[in-house]
Amino acid sequence: MSLHITSPAFKENAVDALANVDLQQALAHVERGFIHKRQAAVDALPEFEALRREAKAIKDHTLAHLDLYLEAFEENALKAGAEVHFAETAEDARQAVLEICRRVGAKTVTKGKSMISEEIGLNTFLEASDIVPVETDLGEYIIQLRGETPSHIIAPAVHVTRSQVEADFRRVHTHLDPERDLTEPVSLLSEARAALREKFLAADVGITGANFLVVETGSSVIVTNEGNGDLTQILPRVHIVIASLEKLVPNLEDVSTLLRVLARSATGQEMSVYTTFSTGPRRPGDPDGPEETHIVILDNGRSEMLADEYREMLRCIRCGACMNHCPVYHAIGGHAYGATYVGPMGAVLAPALFGLEHTANLPNASTFCGRCESVCPVGIPLPKLMRHWREREYERHLKPATERSGLALWAFLARRPKLYRLATRIGLAALSPFGRKGRFAWLPLAGGWTRHRDLPAPAAKSFVAQWKARS
Amino acid sequence: MSSPEIAGGKGSGRPRVGLFATCLVDLFRPETGFAAARLIEAAGCDVDVPESQTCCGQPAYNSGDREDAKAIARQVVETFEGFDYVVVPSGSCAATLSRHYPELLADDPAFARRAEALAAKTFELTAFLYDVMGITKVKARFAGSVTYHDACSGLRELSIQKQPRELLQSVEGLTLTEMTDPDVCCGFGGTFCVKYPEISNAIVTKKAATIAASGAETLVAGDLGCLMNMAGKLSRDGRKVRARHVAEVLADMGEGPAIGEAK
């Protein structure tokens with residue numbers, strides 16, 4: 001089973017997204033909300049820049065010794081009574097989860113929000129195995145009802161408007177009074193809560209992701225704003241954590257540093273409402289907790305990244321600040337990217353996970369404005385890493401022939417100053433009779449530009465030539 | 001190693017500046033080149049414009065064509081390394097020389113150090129005037145309100161934000177009117193705007209609206225690529241805002257036809 005990757009149709013997806021009125025209405029909130037809240041949180045914390053440097057150093061250190069930390073984590077998790085499963089591929093991870101579910105006879109599985117679950121296509125896989133996955137994060141619950149994937153890594157339903165959610169709830173919650181008032185967002189929340197409460201109690205297995213895996217204690221850490229993650233991991237008999245290997249953090253001190261930059265970067269909160277540390281299954285005397293705890297650690301291409309130029313991407317703590325500040329994301333939203341991870345972080349990560357041949361559009365669809373890098377809490381040079389993908393694409397001859405030949409001609413001239421002078425002199429002279437208005441509304445071969453905007457006319461004579469003539 | 005094209009400092013003791021006009025200024029907007037030269041001279045430097053300059057190589061570099069980008073980088077190093085300073089009326093091209101060439105040529109034993117040396121003396125125009133030459137006021141008049149767009153590379157790679165604004169404030173008759181989010185990308189992105197024209201259009205449409213909403217009569221910025229994108233959108237949308245390179249306003253050359261206007 002493989003994920004449905006629609007990135008090859010990125011351009012068409014983007015055009016559709018731009019014409020989607022509901023989406024455009026929903027996206028307007030992203031731009032305003034997230035950016036201002038983050039800025040206010042950063043302004044209120046004088047040591048934020050120092051914390052960013054510290055967070056980056058913690059992740060770099062961990063990645064440099066990841067083999068040792070993985071061993072130590074497994075040892076400590078075992079000591080706490082958990083079982084650790086290493087999954088090299090997405091398929092390995094799916095099978096590990098399925099095996100546990102089958103052994104305990106699971107029929108219903110509740111799920112906390114997890115991008116790894118999306119990455120490995122867990123829900124469709126479980127459904128095909130007659131196990132019902134129920135998403136318990138409100139955003140995830142909404143998109144599950146809609147049969148969609150997340151369009152944002154921390155706000156999965158950010159592309160949906162309130163009135164769309166209302167329509168979905170009326171369509172699905174048919175046991176409720178059709179006349180009920182759902183105009184206020186809080187009424188939607190209450191309705192989802194009530195629907196989910198039964199599911200929490202019925203579930204045999206709870207699956208969550210992890211924001212961090214703490215090496216010194218063998219714990220997993222989740223941050224949520226709804227508390228759904230806690231109910232997912234505490235109420236069922238079995239708790240499965242699925243996390244990728246770069247989630248490791250050496251100790252609790254380091255986790256607290258990362259938590260301080262995470263929520264501020266993500267939602268502008270000082271802390272998320274719930275930060276939950278979960279260490280092994282229920283011990284004798286514990287009031288609650290699962291009987292079994294399993295931690296599935298996914299590689300899925302990440303060890304390779306560790307060894308190449310994309311290593312810095314493994315510092316990512318999934319705050320979403322890069323997409324919140326991205327002009328391309330603001331324009332088209334997340335679904336157009338078509339490869340689980342979206343925005344600038346997705347443009348770097350998706351090619352590593354799913355193959356550049358399917359995802360080459362993503363690292364190209366950036367203006368390199370650099371705003372993503374400027375807000376990244378762990379200093380990932382996202383434009384540089386996107387450029388590296390473009391280099392690989394160029395080396396592997398994956399670029400369209402027209403783009404390649406146009407650039408080749410330009411580079412050919414740029415490398416030959418005398419020829420460049422001659423060619424540009426001829427070109428400018430040839431164009432000058434047509435540019436009397438000062439601009440072109442249309443020009444052959446420049447349709448990509450002139451379809452949407454005028455092209456200022458070139459000079460009749462270049463600056464360098466005019467300068468030479470003057471002096 | 002010095003280039004044969006360098007005029008030689010005339011024994012004046014004035015710093016010798018190589019003006020890297022950029023390909024867009026060279027071909028589309030010579031006025032900006034002359035304005036930059038005037039400003040650099042007024043700051044007390046001698047200016048030369050080497051004829052063998054072409055392009056900084058960004059189109060190749062950002063398209064993944066590293067070999068052509070390196071070849072162009074070596075050529076720029078050879079052309080400009082003999083000057084005391086290299087000044088560029090573009091944040092993104094200046095950043096290519098000063099931030100990216102050293103990395104591009106790091107593995108080239110014949111050029112690694114020379115690229116570092118060039119990087120250390122390469123500056124975007126307003127940063128050169130303000131930070132290097134200590135110019136805080138210019139002798140210029142410009143009647144009207146102006147709004148300044150922070151082109152991305154200059155802002156985020158070179159921290160250019162205060163310099164152009166301070167200099168603009170010193171222009172007689174000029175009112176600086178900030179737009180909302182002047183630091184948000186205009187959607188140009190080099191080849192991005194023709195590879196993904198619809199997305200680029202969505203971004204520049206929004207930008208043109210915020211520019212118009214500022215109420216300013218003139219848009220200025222430090223990068224011609226971004227300016228051509230915004231000017232082209234403003235005129236296509238029938239908006240009355242005119243667009244100029246910041247150098248033209250600072251050099252008292254803000255009277256001629258604006259970008260995209262008949263000459």
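The model is predicted, so local features need pLDDT of at least 70 and side-chain atom pairs count only at pLDDT 80 or more, while totals for chains, interfaces and linings use all residues. Residues are numbered from 1 along each chain as its sequence is written, and chains are lettered from A and ligands numbered from 1 in written order.

Let's start with the two chains. Here 51 residues of chain A are in contact with 60 residues of chain B; contact means C-beta atoms, placed from the backbone, within 7 Å. Elements of chain A giving two or more residues to that side include α1 (10-19), α20 (382-395), α21 (401-414) and α22 (417-431). Helices (H or I, at least four residues) and strands (E, at least two) are DSSP runs, numbered from the N terminus.

Buried means 20 or more other C-beta atoms within 10 Å of a residue's own, exposed 12 or fewer, and partly exposed in between, with C-beta atoms placed from the backbone.

The largest nonpolar core has 227 residues, and A:Val296 and B:Met230 have the most contacts inside it. Such a core is a set of buried Ala, Val, Leu, Ile, Met, Phe, Trp, Tyr and Cys residues joined through C-beta atoms within 7 Å. Setting aside neighbours within four places in sequence, B:Met230 is in contact with residues including B:His149, B:Cys186 and B:Ala243.

Chain A has three domains by assignment, with bounds from an automatic or database source:

| Domain of chain A | Residues |
|---|---|
| domain 1 | 7-303 |
| domain 2 | 316-395 |
| domain 3 | 409-470 |

The centres of domain 1 and domain 2 of chain A, taken over C-alpha atoms, are 21 Å apart. Their contact takes 36 residues from domain 1 and 33 residues from domain 2. On the domain 1 side, α2(A) gives the most, with seven residues.

Finally, A:Val172 lies in helix α9 (residues 162-172) of chain A. A:Val172 is partly exposed because 14 other C-beta atoms lie within 10 Å.

Key:
Contact = placed C-beta atoms within 7 Å.
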